[in-house]
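Please examine the sequence and the model shown below.

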Amino acid sequence: MWTHSAGNPAELEVYTKIIDEFNASQDQYTVVEESFPQGAYNDAIVAAAAAGDLPCLLDMDGPIVPNWAWAEYIQPLGLPTSITDNLLPTAVGTYQDEIYAAGYWDAALSVFARKSVLDANGIRIPTIDEPWTIEEFDSALATLKAAGYETPLDIGAEDAGEWWSYAYSPMLQSAGGDLIDRDTMLTADGALNGPEAVEFFTWFQDSFANGYTSNSGTIGNQEFNDDVVALSYTGVWNAMDSLEAVGDDLLILPPPDFGDGPKIGGGSWQWGISSSCDAADGAREYLEFSFQDKYIAEFSDKQVVIPATAAAEELSANFGEGDPLRPFVELSQAYALARPATPAYPVISSTFEKAAKDIMSGADVQSTLDGAVQEIDTNISSNDGYGF
């Protein structure tokens, strides 16, 4: 039985430990680790599926789970509900209301700020119960720009790929739009190109035109750590470096409310069992073994990600009550929204990224969104609705 991992060295260290301890605990099955660079992982899986050579255990980015279930790369997970019911909802991957994957952690986004900077500029510190309205947020950006920050906000627009959907579609959803009509999963019309979406993307375009943000920075959070920008829309994975740079002055804040309540992305890497696995019972035994809270907490500490169970939160060094990164747990619980559980998601995501980048660069908002909707709907129609 083979396990593919698309993770970083710290993650692989934990997997190696789990595999060694699982293999030592019984003699019926053997798990052997095989890893791929994350960027090449999906292509490697598609190639292996075409060759009829999928491993038993597959690691996958959460949003792709419905696509792989529809393509019959993976089978229903079949883990006990005593495990899956205790996981964060965004750590469970479903298609057509059936569980196909589960993960040990999730990530969350927030706005990083310095308390001293907000206080010095008379800017209210938002809370989960009282986030900034978009009007307050715009006013804060104008104030910070006038105070000397050439570009007051870093939203990571220099990044590419899934970051765009993960980071910016929650803003769209906060404004009342969406990537697709989630009631039917059959069309993006009205969701991605309706008046709420146009209003959000007009704000998005204006934020670049007004110099409130840009796409010319470096990937990561260095500009905030160096006090080049005042606010940074970023993820939990950057929190330890910012804590080291900013110390007790660091604020981990909710994103602004665009009108329909703040939203942040959810759904990180998860594990499934391939449909062709000839040792599915062993694969499930391994996964059951691996979902112990002590391992989930170790993943959390080594990767700086949110543990997927409440018990693991308390075992972790950073995410329990009173710990420095606890705000991310609270933000995830309050605001996390999984990306649409449809096999069309890879096309939706890439189409959204292209449209958003075109709008950032000055393209007409309405016609760009209409074109994106047409592309998404054509794909869904050509695949007979992907089972919906």
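Is Thr184 buried, partly exposed or exposed, and why? The model is a predicted one. Thr184 has a relative accessible area of 34%. Buried means under 20% and exposed means over 50%, so Thr184 counts as partly exposed. Thr184 belongs to the loop that runs between H7 and H8. A polar atom of its side chain lies 3.2 Å from the backbone nitrogen of Leu186.

Because 12 of the 12 residues of H7 are buried, the helix is largely enclosed by the rest of the structure. Among these buried residues are Trp163, Trp164, Tyr166, Tyr168 and Gln173. The elements that cover them include helices H8 (195-209) and H15 (345-360), together with strands S8 (109-114), S10 (231-235), S12 (264-266) and S15 (336-338). Just after H7, Gly176 adopts a positive phi of about 105 degrees.

Asp61 is located in strand S3, residues 57-61. Asp61 is buried but has no salt bridge. The nearest side chain of opposite charge belongs to Arg339, at 4.8 Å, whereas a salt bridge requires a separation within 4 Å. Leaving aside residues up to four places away in sequence, Asp61 touches Glu162, Gly267, Ser268 and Trp269.

Conventions. Residues numbered from 1 in each chain as written. Predicted model: local features only at pLDDT ≥ 70, side-chain atom pairs only at ≥ 80, totals over all residues. Heavy atoms only, no water. Buried < 20%, exposed > 50% of the residue type's maximum accessible area, 1.4 Å probe, protein only. Helix = DSSP H or I, 4+ residues; strand = E, 2+ residues; numbered from the N terminus. Contact = heavy atoms within 4.5 Å. Lys, Arg positive; Asp, Glu negative; His and termini not counted. Polar contact = N/O pair within 3.5 Å; in protein donor to acceptor, adjacent residues only side chain to side chain.
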